[in-house]
Amino acid sequence: MIIPNLHSPLIGEVIKSIADQTEWRLISEILVVGQDRYGLVTPPARHIETPFPISAARARNLGAALARGEYLFFVDSDCIAAPDLVEQIAARVQTGAVVICGGVVIEPGEYWSQCDNLLVFADYLDASPAGDRAWAPSLNLCIQRSLFRQVGGFDERFPGAAGEDTDLSLRLRAAGATIMFEPRGCVIHRHQRATPRAVWDHLRSFGRIQVTIWRHHARLMPPPMPLERLRALAPALRVAAPVLAMRDVAALAHHGSHLLPGLVWARTAWYWGVAEGLGK
């Protein structure tokens with residue numbers, strides 16, 4: 001189990017949720033990579049401390065280089081594992097799957113956190129149907145170690161924690177792997193984006209990165225139209241963003257009509273990010 005960490009106040013709870021797994025015997029080690037100013041990384045976890053802050057992609061690659069198991073299991077430092085997470089994912093491994101992403105549980109309560117989670121993980125909720133997916137979020141991801149090494153791991157050129165999992169997923173697919181989604185192997189995602197500004201910045205960064213993904217992986221994840229044409233339309237995209245956002249989030253209305261204004265706000269930010277990315 002590999003967990004990138006940058007002073008997460010939840011890392012102790014994350015470690016405990018992994019240590020309490022119904023199939024604890026299948027976990028050979030818990031490697032927490034990064035920095036821990038609160039001193040919450042304790043056994044059975046092993047702390048791989050870095051001298052300076054590093055990206056999530058770099059932390060995962062460092063952990064993968066040190067890991068001993070046949071499969072690498074990545075969980076984020078703001079994700080509390082369900083007690084049977086490993087059990088459910090291991091069952092998929094037994095069917096021959098080599099890339100498995102698990103489900104995401106969205107807790108009710110904090111408005112902007114719900115909006116952010118819904119927009120980013122709408123197709124990966126614990127209530128979503130199992131099956132193949134185009135890409136796999138890295139917050140709850142299991143990969144055969146030999147395959148991970150074959151494709152070169154996470155691309156550390158991606159800034160922060162955005163886009164590196166989509167990029168890895170598409171390289172895995174290009175290598176012939178299928179990405180299996182198993183909703184029963186789930187984590188509770190307790191991120192700290194609880195303000196309109198934080199959610200706007202997050203989705204805007206996803207929009208910028210999406211343009212990079214289109215450029216690098218046009219065959220497996222093509223843009224809606226040629227990038228040169230999209231670039232010419234970038235100014236108009238900002239103006240039309242709220243209307244496009246309303247169209248996009250309509251399918252999420254069943255999660256609660258009260259969330260729709262926040263979802264439209266955040267999706268608008270995504271389109272603004274796309275417009276910015278096209279301008280580079």
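Ser 8 sits in the loop that joins strand 1 (2–6) to helix 1 (11–19). Helices here are DSSP runs of H or I with at least four residues, strands are runs of E with at least two, and both are numbered from the N terminus. Please bear in mind that this is a predicted model, in which local features need pLDDT of at least 70 and side-chain atom pairs count only at pLDDT 80 or more, while totals for chains, interfaces and linings use all residues. Residues are numbered from 1 along each chain as its sequence is written, and side-chain values use heavy atoms, with hydrogens and water left out.

Is Ser 8 buried or exposed? Ser 8 counts as buried because its relative accessibility is 7%; buried means under 20% relative accessible area, exposed over 50%, and partly exposed in between, with a 1.4 Å probe and protein chains only. Setting aside neighbours within four places in sequence, Ser 8 is in contact with Tyr 38, Leu 40 and Ser 77, where contact means heavy atoms within 4.5 Å.

Leu 10 belongs to the loop between strand 1 and helix 1. Its relative accessibility is 12%, so Leu 10 counts as buried. Not counting residues up to four places away in sequence, Leu 10 touches Ser 77, Asp 78, Arg 190 and Gln 192. The C-alpha atoms of Leu 10 and Ile 80 are 8.4 Å apart, although 70 residues separate the two along the chain.

**Helix 6**

I turn now to helix 6, residues 164–174, which is mostly covered, with 8 of its 11 residues buried. Among the buried ones are Glu 164, Asp 165 and Asp 167, together with Leu 168, Leu 170 and Leu 172. What do the buried residues of helix 6 pack against? Their partners are helix 2 (56–66), strand 6 (99–105), strand 8 (140–144), helix 5 (145–151) and helix 7 (196–216). After helix 6 comes Gly 176, with a positive phi near 100°.

The axes of helix 4 (residues 111–121) and helix 10 (residues 260–278) come within 9 Å and cross at roughly 55°. Helix 4 is therefore oblique to helix 10. Axes are lines fitted to C-alpha atoms, for helices over the stretch in contact, and angles run from 0 to 180 degrees between N-to-C directions. Angles under 35 degrees count as roughly parallel, over 145 as roughly antiparallel, 65 to 115 as roughly perpendicular, and the rest as oblique.

Helix 7 and helix 10 have axes that come within 7 Å and cross at roughly 40°, and the two are therefore oblique to each other. Residues meeting there include Trp 200, Phe 206 and Trp 214 of helix 7, and Trp 265, Trp 270 and Trp 272 of helix 10.

**The chain as a whole**

Of its 280 residues, 55% count as buried. Among contacts with a separation of 6 or more, 75% come from residues 24 or more positions apart. Along the principal axes, the C-alpha atoms fill a box of roughly 55 × 40 × 40 Å.
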